[in-house]
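Dear colleague,

Please find the structure below, together with its sequence. My notes on what was found in it follow.

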Amino acid sequence: MRTPSFMQLFELDRALLAAEAVQGLSRPNAAVSPKFFYDPLGSRLFEAITELAEYYPTRTEAAIFAGHGAAIGAAANAALGLGFSLIDLGAGNCRKAASLFAGLALSRYVAVDISADFLREALAELQPRHAQLEMVGVGLDFSSRLTLPSGLAGDAALVFYPGSSIGNFTPEAALALLRQARELSPRSALLIGVDLVKDTTVLEAAYDDELGVTAAFNLNLLRHLNGLIGSDFEPRGWRHVSFFDEAQSRIEMHLQARCDLAVRWPGGERRFAAGERIHTENSYKWRADDFAALLRDAGFTRVRRWSDDAGAYAVMLAS
């Protein structure tokens with residue numbers, strides 16, 4: 001039986017992260033990257049969000065893969081032939097990708113996440129069930145640049161990006177990432193989950209649930225910043241705000257000051273007036289035809305689509 005191999009291509013620099021956070025807080029309209037959501041507690045809160053009745057993307061995508069997995073696998077195999085690599089972006093526990101293994105003609109599985117160490121347990125559990133499949137864990141921040149060591153993607157690769165995470169990128173940044181995915185291998189295909197435009201009440205409920213789990217997820221960002229930059233945010237002084245901006249076709253999440261307040265950190269401070277906001281996340285929602293056009297702009301010439309009955313979500317194979 002093979003054993004997984006690992007490579008760490010990204011080194012976390014807390015000083016650079018802290019400087020980025022302070023720079024965002026110091027803008028005229030304060031904003032910080034959604035990557036600051038994901039300290040250990042934030043990651044657990046997001047897992048809880050995926051279980052909420054209001055949060056449809058996770059279960060809808062899973063149902064599409066369950067109902068159309070055989071057709072998706074057959075289409076990928078036809079596009080790439082036998083013995084291609086599966087490049088799993090943001091692999092996490094690797095379960096989504098593993099559910100597709102049986103239908104794919106794979107020779108190598110490359111699990112990509114920001115930390116290769118995070119992938120060790122998942123791949124150690126997965127390898128015995130797929131003894132002949134080569135498995136590689138790669139620590140990489142692909143949101144900055146998606147590139148892999150020469151030869152790792154092989155002559156043919158299927159890039160897998162589920163979870164509608166592409167929505168966190170502006171359309172311009174999404175196009176850049178899709179082009180990089182296209183260039184990973186001489187023959188690259190892309191299997192991607194895309195959240196679609198739908199009734200505004202459904203969209204907004206998914207980001208502002210009755211139990212307040214999403215609010216806790218957003219507010220926990222302040223606790224994370226306190227530990228990272230030494231600030232004195234008091235989460236009770238803030239409230240979670242989210243809404244769908246139709247003109248931008250995106251959900252926006254913000255933290256809004258409940259009263260006039262000041263936040264201090266070593267070497268600086270920021271005063272917030274009551275009602276002033278910190279912009280914490282965008283999640284773009286696409287029309288299916290528009291996203292297919294984006295894929296073609298990225299260099300993919302054939303796009304196939306599978307969706308749920310309500311047309312709320314799409315899984316697309318671009319080759």
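In these notes, two residues are in contact when they have heavy atoms within 4.5 Å of each other. Please bear in mind that the model is predicted.

I begin with His240. This residue is found in strand β7, which covers residues 238-245. His240 counts as buried because its relative accessibility is 9%, and the cut-off for that class is under 20%. Its side chain takes part in two contacts that I would point out. One reaches the backbone oxygen of Tyr207 at 2.8 Å. The other is a polar contact of 3.0 Å with the side chain of Asn218. When neighbours within four places in sequence are left aside, His240 is in contact with Tyr207, Asp208, Thr214, Ala215, Asn218, Met253, His254 and Leu255.

I turn next to the nonpolar cores. The largest has 38 residues, of which Ile87, Val112, Ile166, Leu178, Ile192 and Phe291 touch the most other members. Elements that each supply at least two residues of this core include strands β2 (84-89), β3 (106-113) and β6 (187-195), as well as helices α6 (171-182) and α9 (288-297). Helix α6 gives the most, with 5 residues.

Ile166, again leaving aside neighbours within four places in sequence, is in contact with Tyr161, Ala174, Leu177, Leu178, Ile192, Gly193 and Phe291.

With kind regards

Key:
Residues numbered from 1 in each chain as written. Predicted model: local features only at pLDDT ≥ 70, side-chain atom pairs only at ≥ 80, totals over all residues. Heavy atoms only, no water. Helix = DSSP H or I, 4+ residues; strand = E, 2+ residues; numbered from the N terminus. Buried < 20%, exposed > 50% of the residue type's maximum accessible area, 1.4 Å probe, protein only. Polar contact = N/O pair within 3.5 Å; in protein donor to acceptor, adjacent residues only side chain to side chain. Core = buried A, V, L, I, M, F, W, Y, C linked by side-chain atoms within 4.5 Å.
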